Amino acid sequence: MTVIRQWVLMLGGAGLLCGVAQCLMPSKAMEKQLRLVLSLVLLYLFFGIFGGVSIKQMELLPQKELLLSQEQQQITEQGVLLLTRLELAERVEQTLLEQTGSRFTVTAVVLRERAGEVSVSEVTLQSLLGRDPQELSGILNRQLGLSATVSEVNGQ
């Protein structure tokens, strides 16, 4: 990470210096030549990182810079679970709409982990709209392969 940070800083500094050099150019006669030279310098600096970093240098980088910290991993996992729940909720709503013709709103999706596998254990709907929870659960099982119980927010 430090190598990339240094490379970006060097490239940004060189870009600023090239801009200043172009602004300070006294005549238009040498503008093309100066732009060519400055472009070559920037290209050399841009691609110079690939020639300057070897595999041995990468092996010497501390492992903690390459691995996410425990806290970062937990935040990432929580974000993935949130996106999974949102996607599942949308699929459940769409499936129930297609199968029943009624628009349901999913308020919660409960996931459980067993033996390293994550599965859906419960789907909570805002309202069952007069439908039997077992009927809706059967639809979700047939259409999405979810063996989850379906319940209503207020638990009726």
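**View 1. Leucine 42 sits in helix H2, which spans residues 31-52.** Keep in mind throughout that this is a predicted model. Is leucine 42 buried, partly exposed or exposed? With a relative accessibility of 28%, leucine 42 counts as partly exposed, because the partly exposed class lies between the buried limit of under 20% and the exposed limit of over 50%.

**View 2. Leucine 42 meets residues from elsewhere in the chain.** Once neighbours within four places in sequence are set aside, the contacts of leucine 42 are Leu11, Ala14, Gly15 and Cys18. Take a look at leucine 11 here: 31 residues separate leucine 11 from leucine 42 along the chain, yet their C-alpha atoms are 7.2 Å apart.

**View 3. Three strands form an open sheet in the order E1-E2-E3.** The pairing in this sheet is mixed. Strands E1 (106-114) and E3 (149-152) are the edge strands, and each has a single partner strand, so one side of each has no neighbour in the sheet. From one strand to the next, the twist averages 30°.

**View 4. Strands E2 and E3 run parallel where they pair.** Four bridges join E3 to E2, the strand made of residues 117-125. Which residue of E3 stands opposite valine 123? That place belongs to valine 150.

**View 5. Helix H6 packs on the sheet.** Made of residues 133-144, helix H6 touches both E2 and E3. The direction of helix H6 makes an angle of about 135° with that of E3.

Definitions and conventions: Residues numbered from 1 in each chain as written. Predicted model: local features only at pLDDT ≥ 70, side-chain atom pairs only at ≥ 80, totals over all residues. Heavy atoms only, no water. Pairing = 2+ DSSP bridges. Helix = DSSP H or I, 4+ residues; strand = E, 2+ residues; numbered from the N terminus. Axes fitted to C-alpha atoms, helices over the stretch in contact; angles between N-to-C directions. Contact = heavy atoms within 4.5 Å. Buried < 20%, exposed > 50% of the residue type's maximum accessible area, 1.4 Å probe, protein only.
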